[in-house]
Amino acid sequence: MKFVYRPFFVLSWLLLWGSPWLRAQNYLQKQVSLNVQKETLSKVLGTIEQQAGFVFSYNSRLFPTDSLVSVQAQQLPVVSVLHLLFGDRFQYHQSGHHLIIMPSRKEEARYLVWISGYVTDQLTGEPVADASVYEPYQLVGTMTDARGYFNMQVKAGSGPVSIHVRKISYADTAVQTLPGSMDKLSIGMTQIAYPIDTVVISNVERNWLASRLLSPRQVMNSMNLSGFFTRQPFQFSLVPGLGSHGRMGAQVVNKFSLNVVGGYTAGVNGFELGSLFNIVKQDMRYVQ
């Protein structure tokens with residue numbers, strides 16, 4: 001567990017990212033040549049990486065990397081080759097040695113739908129406040145308010161999505177729903193015996209500075225989801241809770257983590273950069 005605070009790092013970070021040398025490293029304009037027939041997409045992306053001198057970062061669920069593609073390009077910019085492969089489905093963000101592939105805003109808007117509802121105590125019918133509601137595969141989540149109400153966006157697919165609810169002293173609950181349904185979900189939770197000594201706030205969240213940078217609801221969300229962790233290639237955040245993983249950021253171990261002001265993650269197994277602070281709940285490996 002590690003908490004890093006760098007009060008004088010902002011100036012050096014701005015100077016580095018604003019330098020003419022770094023601005024010149026525009027990976028999207030690097031020229032590459034390809035002549036492949038029915039090759040896996042992952043191998044084609046690997047060839048582009050080798051020729052252009054960077055590494056792609058993307059969520060593995062964005063596209064099937066084992067799909068076969070054919071492409072011919074002679075000294076074309078990387079951005080043109082990516083358009084041949086993906087059309088206008090994605091946008092690209094350069095960060096350090098990485099080129100991050102993200103859904104375009106048009107693509108996101110097309111598939112995002114709202115799911116809302118109420119979480120109540122199954123025995124008493126009383127609302128359950130501060131419960132963590134999330135979709136574990138898309139890594140989107142929110143928390144219930146004082147009325148037990150929640151509202152969040154998920155990507156609509158061809159089938160139902162699984163909505164999970166966790167709250168200290170309640171049994172974990174999951175329901176299936178079809179995205180786009182106008183009906184509000186009604187989710188009942190069953191209270192269970194919960195030994196008080198098993199409710200633990202991690203050491204990093206008890207750090208005097210971390211406790212001032214994190215809101216009580218962020219700490220509560222982390223406690224609710226203490227048994228849920230996942231791994232992702234990268235994450236980008238402005239401040240804790242406002243980034244590519246939203247409220248779920250503290251449950252994700254990333255290979256590459258970029259925090260404009262500061263971040264709050266489960267762990268890093270690669271490289272992390274933050275201008276003011278990085279809050280890491282578990283292990284930090286390699287470079288920070």
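This is a predicted model: local features need pLDDT of at least 70, side-chain atom pairs count only at pLDDT 80 or more; totals for chains, interfaces and linings use all residues.
User: Why is S257 called buried?

Analyst: The relative accessibility of S257 is 0%. Buried means under 20%, so S257 counts as buried. The residue belongs to strand 16 (residues 252–259).

User: Which residues are in contact with S257, leaving aside its neighbours within four places in sequence?

Analyst: They are Q235, T265, V268, F271, E272 and L273. Contact requires heavy atoms within 4.5 Å.

User: How many cavities of 30 Å³ or more does the structure hold, and what lines the largest cavity?

Analyst: The structure holds one cavity of 30 Å³ or more, and the largest cavity has about 70 Å³ of space. Its lining comprises 14 residues, of which Q235, S237, G241, G246 and G249 are the closest to the centre. Strand 14 (230–239), strand 15 (242–243) and strand 17 (262–265) each give two or more residues to this lining.

User: How do you know that the span of helix 3 is close to the expected value?

Analyst: Helix 3 (residues 41–52) has twelve residues and reaches 17 Å from its first C-alpha to its last, against 16 Å expected at 1.5 Å a residue.

User: Which residues of helix 3 are buried, and what do they pack against?

Analyst: The buried residues are L41, V44, L45, G46, I48 and A52. They pack against strand 2 (31–40), strand 3 (55–57), strand 4 (68–77) and helix 4 (78–86).

Key: Residues are numbered from 1 along each chain as its sequence is written. Side-chain values use heavy atoms; hydrogens and water are left out. Helices (H or I, at least four residues) and strands (E, at least two) are DSSP runs, numbered from the N terminus. Buried means under 20% relative accessible area, exposed over 50%, partly exposed in between (1.4 Å probe, protein chains only). On a 1 Å grid over the protein atoms alone, a cavity is a set of points where a 1.4 Å probe fits but cannot get out, and a pocket is an open set with protein on both sides within 12 Å along at least five of seven lines; lining residues have an atom within 4 Å of a point. Grid points are joined across faces, edges and corners, and a volume is the space filled by probe spheres set on the points. The expected span of a helix is 1.5 Å times one less than its number of residues.
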